[in-house]
Amino acid sequence: MTIVPSSIGGTAGPEETAGQTEKQSGKTRRSDVLSTKESVSDRKSDLNLRPKTLDEYIGQSRIRSMLEMSIAAASTRKDALDHILFYGPPGLGKTSLAYLIAKEMNAKIHLASGPSLERPRDIIGLLHQLEAGDVLFIDEIHRLSRIAEELLYPAMEDYVIDLTAGKGQATRTMRLPLPRFTLIGATTKVSMLSNALRDRFGFICRLEFYTPEELGKIVRRTAGILAVNMNDQAIAAIAGRARGTPRIVNRLVRLVRDYAQFKGHSLVDEQTAHAALEMYQVDIHGLDPTDRRLLTVLVDTYGGGPVGLETLAATLGEDSETIEDVYEPFLIQCGFIQRTPRGRVATAGAYAHLGRTAPSAQLSLNLNSGTEA
Ligand SMILES: Nc1ncnc2c1ncn2[C@@H]1O[C@H](COP(=O)(O)OP(=O)(O)OP(=O)(O)O)[C@@H](O)[C@H]1O
Ligand SMILES: [Mg+2]
């Protein structure tokens, strides 16, 4: 596989660390340890840690089987693979899959990202470089400009570019043929894609959060590559705190390794893993201090709710969008918070996690509260 970073494209720059992004946007203040955003050190270690073959890619078994079959079929036909869209939360392995597909297809991969393809010549230049069978990877595809999107439609559907020259009555359209290529799009915000673009993908794949068992396998693999000696209990402890996300689990392995090295432990056991993760303030469920503060405010200040999002946000000194987009999804996924028509409610699980006893009224409220539409 050859990698061609597009002169105009390229994924978000390495300068964009989790911490800087947070500062610039002023939106999230999640600790870097549990951020799903890619940091500079994630990017560096990715060089070794990205799975190199589909067999090394752990989990997402449905997507993997589908890809194995389609890659084999396309290779037999000596044809390009159909266009593929990957969507799902950050750090679950969308970019990794794009690289793997290009490798398995023995194809050149051209890298670009939605925001960098603003002008018609950006996308035309990129399409023009393609050779038969190449993979064009467009990250953050939901951020493509309208004009770029419209140029992509015939390229995806009929392998042509429609060029227009002149104005008014003198307008001429020229159709240039393109070789058969595979477009792989990746996005964390699939709802922002137009239907017209979505419909032009042959496969649309949603990546799921990983189970603790799958994350355990990733920890084992990463520890092997980094030459860290780790026992099964330590592996399970790390996997259980990684919020279902390979990027986070790999970061936790690196942090635990650093801690063990500093303490002079040649074997990472459960105690060492726990001590390291405690030091980084990652609790047993993978919650960080801000998650816990949110639960504590909900339980102590508002008696477990229901409380409106705006009120909760004001008490925490956050904006409501950050609460909704950054903190709540995982707390809901863990079953600690429910969204109800009357506001946010802490569950009995949240009380238990904070070491409090849930009032009986809260327990029946949990049972009776419908979830928000
Ligand atoms: N299935 C997997 N098996 C092993 N490691 C994985 C897997 N998926 C992801 N990883 C690891 O997690 C890291 C993050 O994955 P990747 O960059 O592909 O995520 P992404 O979905 O593209 O994230 P983003 O939305 O932020 O671009 C990879 O570099 C790799 O080390
Ligand atoms: Mg990516």
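The following dialogue explains how to read several features of this predicted model.

Q: What kind of model is this, and how are residues, chains and ligands numbered?
A: Residues are numbered from 1 along each chain as its sequence is written, while chains are lettered from A and ligands numbered from 1 in the order in which they are written. The model is predicted, with local features needing pLDDT of at least 70, side-chain atom pairs counting only at pLDDT 80 or more, and totals for chains, interfaces and linings using all residues; side-chain values use heavy atoms, with hydrogens and water left out.

Q: How many helices and strands does the chain have?
A: Helices (H or I, at least four residues) and strands (E, at least two) are DSSP runs numbered from the N terminus. The chain has 16 helices and 10 strands.

Q: What percentage of the residues count as buried?
A: A residue is buried under 20% relative accessible area, exposed over 50%, and partly exposed in between (1.4 Å probe, protein chains only). Of the 373 residues of the chain, 48% are buried.

Q: What share of the contacts in the chain with a separation of 6 or more comes from residues 24 or more positions apart?
A: A contact means heavy atoms within 4.5 Å. Residues 24 or more positions apart account for 70% of the contacts with a separation of 6 or more.

Q: Which residues come nearest to ligand 1?
A: A residue is near a molecule or strand if one of its heavy atoms lies within 4 Å of it. There are 19 residues around ligand 1, and Asp46, Ile58, Lys94, Thr95 and Ser96 come nearest. By class, this shell has 9 nonpolar, 6 polar and 4 charged residues. Here Ala, Val, Leu, Ile, Met, Phe, Trp, Tyr, Cys and Pro count as nonpolar, Asp, Glu, Lys and Arg as charged, and the others, Gly among them, as polar.

Q: Which polar atoms lie by the oxygen atoms of ligand 1?
A: A polar contact is a pair of N or O atoms within 3.5 Å; within protein, one must be able to donate a hydrogen and the other to accept it, and residues adjacent in sequence count only if both atoms are side-chain atoms. A polar backbone atom of Leu92 is 3.3 Å from an oxygen atom of ligand 1. Taken alone, ligand 1 exposes 630 Å², and the protein buries 94% of that.

Q: Why does ligand 1 lie between domain 1 and domain 2?
A: Domain bounds come from an automatic or database domain assignment. Ligand 1 lies between domain 1 (2-206) and domain 2 (212-279) because both give residues to its shell. Helix H2 (40-49), helix H4 (94-104) and helix H10 (246-263) each supply at least two residues of that shell.

Q: Where is Gln60, and is Gln60 buried or exposed?
A: Gln60 is in the loop between H2 and helix H3 (61-77). With a relative accessible area of 8%, Gln60 is buried. Beyond its neighbours within four places in sequence, its contacts include Leu92, Arg206 and Tyr210.

Q: Which residues does a cis peptide bond join?
A: A cis peptide bond joins Gly305 and Pro306, with omega about 5°. Pro306 is in the loop between helix H12 (289-301) and helix H13 (309-316).

Q: Where is Arg180, and which side chain does its own side chain join in a polar contact?
A: Arg180 is in the loop between strand E6 (172-177) and strand E7 (182-187). Its relative accessible area of 42% makes Arg180 partly exposed. The side chains of Arg180 and Asp79 are joined by a polar contact of 2.8 Å.

Note on methods:
Areas by Shrake-Rupley, 256 points an atom, 1.4 Å probe, with all protein chains shown as cover.
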